[in-house]
Amino acid sequence: MSPMQTLSLLLALSIDLNIAITAGILTHRSGAGVPQAILTSAGATATGLGIYLAAGAAYK
């Protein structure tokens, strides 16, 4: 991998972690339990990384 690809992957990971934490906090504050908040944040992370990896595979 080139340094640019590595940096863009790290940036995507950082963005996905921010989205996951925000989704988890919002889910927990809306009255859901901790396990539901964790599952929601994990789903948000998987979706974001899936979109990034699919886009990277399409343009390769």
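Ser41 counts as buried, because its relative accessibility is 16%, under the 20% limit for that class. The model is predicted. Ser41 sits in helix α2. Apart from neighbours within four places in sequence, Ser41 is in contact with Ala20 and Gly24. Both Ala20 and Gly24 are listed among the buried residues of α1.

The C-alpha atom of Ser41 is separated by 7.8 Å from that of Thr22, although the two residues are 19 apart along the chain. Thr22 is found in helix α1. Its relative accessibility of 44% makes Thr22 partly exposed.

**Helix α1**

Helix α1 covers residues 3-29. After α1 comes Gly31, which has a positive phi, near 110°.

The buried residues of α1 are Ala12, Asp16, Ala20, Ala23, Gly24 and Thr27. These buried residues pack against α2, which runs over 34-58.

**Thr27**

Thr27 lies in helix α1. Thr27 is buried, because its relative accessible area of 15% is under 20%. A polar atom of the Thr27 side chain lies 2.7 Å from the backbone oxygen of Ala23; Ala23 is itself one of the buried residues of α1. Not counting residues up to four places away in sequence, Thr27 touches Ala32, Gln36, Ala37 and Thr40.

**Leu17 and the nonpolar patch**

Leu17 also belongs to helix α1. Leu17 is partly exposed, at a relative accessible area of 45%. Together with Leu7, Leu10 and Leu13, Leu17 makes a nonpolar surface patch of about 370 Å².

**Accessibility by residue**

The table collects the relative accessible areas of the residues described above.

| Residue | Relative accessible area | Class |
|---|---|---|
| Thr27 | 15% | buried |
| Ser41 | 16% | buried |
| Thr22 | 44% | partly exposed |
| Leu17 | 45% | partly exposed |

On the α2 side, Ser41 is buried and is in contact with Ala20 and Gly24, while the buried residues of α1 pack against α2.

Notes
Residues numbered from 1 in each chain as written. Predicted model: local features only at pLDDT ≥ 70, side-chain atom pairs only at ≥ 80, totals over all residues. Heavy atoms only, no water. Patch = residues over 30% accessible without salt bridge, like charges linked within 9 Å, V, L, I, M, F, W, Y side chains within 5 Å. Areas by Shrake-Rupley, 256 points an atom, 1.4 Å probe, with all protein chains shown as cover. Salt bridge = Lys/Arg side-chain N within 4 Å of Asp/Glu carboxyl O. Helix = DSSP H or I, 4+ residues; strand = E, 2+ residues; numbered from the N terminus. Buried < 20%, exposed > 50% of the residue type's maximum accessible area, 1.4 Å probe, protein only. Polar contact = N/O pair within 3.5 Å; in protein donor to acceptor, adjacent residues only side chain to side chain. Contact = heavy atoms within 4.5 Å.
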